[in-house]
Amino acid sequence: MKRALADLAALGGAPAFDTPVVFGRPNIGSRKALYDRLDEVLDSRWLSNGGTMCEEFERRVAQEAGTPYCVATCNATSALQLALRARGVTGEVIMPAFTFAATAHALSWIGLTPVLCDVHPEDGSLLLSEAESLIGPATTAILGVHVWGRPSRLDDLSALARRHSLSLIFDAAHAFGCSWNGRPIGGFGDAEVFSFHATKFINSFEGGALVTSDAELAHRARRMRNFGISGHDTVVSLGTNAKLHEASAAMGLTSLDDMDHFVRRNRDNYLRYRDEISGTPGLRLLEVDEQEANNYQYVVLDVDVAATGLGRDDLIAVLEAENVIARRYFYPGCHRMEPYRTLRPLPGTDSISARVMALPTGECVTADQIATVGALIRFAVKRGHEITRRLQQAA
Ligand code: T4K
């Protein structure tokens with residue numbers, strides 16, 4: 001327990017944790033189940049190219065997403081590119097600036113132009129009026145993002161896309177297991193894409209999936225995933241190699257077996273953080289709508305420096321010295337990343353990306369650790385102005 005400023009590790013004290021409490025530690029699931037599946041893969045001598053593990057993984061992801069089709073991939077970035085290619089998207093694509101770089105990279109890497117749109121500063125959702133004003137003659141699609149697994153106004157966004165005859169694809173990298181208006185994420189727009197990267201609550205080491213209700217789109221994406229090959233040696237379309245191999249699919253299936261457990265653990269963590277933070281001026285934990293299905297994968301803290309006297313970056317530094325690794329997801333906005341620099345001001349994106357941080361959660365994080373992290377945050381914020389001054393002096 002820290003009682004004086006000098007107790008803070010950032011100001012010379014001993015760290016609160018001997019071993020780091022880290023954002024993004026993967027959930028593992030049953031090792032026995034994983035090893036059994038890996039034995040099965042090795043015994044079958046079928047390691048990739050649409051094996052039975054991959055097929056079963058696709059069935060279970062589609063079931064969860066409520067869609068007839070799922071194409072599993074080596075990561076979500078590739079799945080986004082397959083979705084865009086299979087849908088025939090060209091030219092300019094409108095997307096929010098407040099997201100991970102992968103959203104913009106997925107477009108640029110295949111020669112599309114990301115048109116960065118601002119977001120609501122409170123929750124990071126796309127500013128629909130601005131999105132509409134950005135539609136030009138070269139625009140063919142909108143790439144929405146369910147940032148932190150929090151879908152927003154999907155009916156208005158769908159109506160906007162319909163009004164302008166645009167394709168609508170969702171980067172749902174964060175939103176597997178979430179719903180909007182009671183409907184599972186997966187069935188919105190022309191296609192949605194999940195990530196099963198190690199840091200996601202369901203992981204296949206690396207992995208992703210495109211889900212859709214469009215049979216033709218799914219068929220094209222499946223073929224493009226495997227070099228555009230149809231049959232044994234006939235290449236009928238442009239393609240790439242975006243296949244999910246069997247070991248990854250085995251991990252994905254094992255992860256899915258424990259999905260309810262992971263969600264329960266994440267929810268417990270979220271509720272504990274909420275209790276720890278509530279009532280502290282200048283701090284707000286982004287609310288989860290409990291009427292919807294959620295994965296609680298990101299516990300997001302919003303820091304108002306005007307009220308705390310301690311900026312988000314300094315709070316992260318204070319925690320890091322204590323061996324608590326929180327992350328600035330997402331910072332900076334894509335419009336401030338080298339390949340996408342724009343002079344157009346995006347004040348909503350700048351505001352939210354300067355304020356928010358993702359706290360450690362997942363099955364590795366315990367109730368006691370959250371209690372300590374909560375106490376650290378409250379202490380740091382209570383002495384915010386002094387800490388800021390001391391950190392500046394030390395710099
Ligand atoms: N769209 C959106 C909106 C996304 O957020 C992402 C990815 C994508 C698309 C693309 O999905 P993929 O193509 O990756 O499937 C990480 C992930 O690599 C990335 O998948 C994820 N979003 C992004 C939000 O986070 P980094 O560069 O921040 O990861 P890194 O290496 O700094 O690790 C994050 C934290 O996790 C650290 O505290 C360390 C910890 N960690 C990480 C790994 C890999 C572990 O403890 N164990 C591990 O095995 O991107």
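I call angles under 35 degrees roughly parallel, over 145 roughly antiparallel, 65 to 115 roughly perpendicular and the rest oblique. The model is predicted, so I noted the limits: local features need pLDDT of at least 70, side-chain atom pairs count only at pLDDT 80 or more, and totals for chains, interfaces and linings use all residues. Residues are numbered from 1 along each chain as its sequence is written, and side-chain values use heavy atoms, with hydrogens and water left out.

**Entry: helix 11 and helix 13**

I looked up helix 11 (residues 312-321) against helix 13 (residues 367-382). Helices here are DSSP runs of H or I, at least four residues, numbered from the N terminus. The pair packs at about 130°, with axes 11 Å apart. Axes are lines fitted to C-alpha atoms over the stretch in contact, and angles run from 0 to 180 degrees between N-to-C directions. Helix 11 and helix 13 are therefore oblique to each other. Leu 315, Val 318 and Leu 319 of helix 11 meet Leu 376, Ile 377 and Ala 380 of helix 13. Contact means heavy atoms within 4.5 Å. By class I listed six nonpolar, no polar and no charged residues. Nonpolar covers Ala, Val, Leu, Ile, Met, Phe, Trp, Tyr, Cys and Pro; charged covers Asp, Glu, Lys and Arg; the others, Gly among them, are polar.

**Entry: helix 2 and helix 8**

Next I took helix 2 (residues 52-65) and helix 8 (residues 246-257), which pack at about 35° with axes 8 Å apart. This crossing is left-handed. The contact includes Phe 57 and Arg 60 of helix 2, and Leu 253 and Asp 257 of helix 8. By class it has eight nonpolar, two polar and four charged residues.

**Entry: helix 3**

How much of helix 3 is buried? Nine of the eleven residues of helix 3 (residues 76-86) are, so it is largely enclosed by the rest of the structure. Buried means under 20% relative accessible area (1.4 Å probe, protein chains only). Gln 81 is among the buried residues, as is Ser 78. At the N-terminal end, Asn 75 is the cap, with a side-chain oxygen 3.2 Å from the backbone nitrogen of Thr 77. Just past the helix, Gly 88 has a positive phi of about 75°.

**Entry: Asn 269**

I found Asn 269 in helix 9 (residues 259-277). Asn 269 is buried, at a relative accessible area of 0%. A polar atom of its side chain lies 3.1 Å from the backbone oxygen of Gly 362. Beyond its neighbours within four places in sequence, Asn 269 touches Thr 361, Gly 362, Val 365 and Ile 370.

Methods: Helix = DSSP H or I, 4+ residues; strand = E, 2+ residues; numbered from the N terminus. Buried < 20%, exposed > 50% of the residue type's maximum accessible area, 1.4 Å probe, protein only. Polar contact = N/O pair within 3.5 Å; in protein donor to acceptor, adjacent residues only side chain to side chain. Left-handed = near helix turned anticlockwise from the far one by under 90°.
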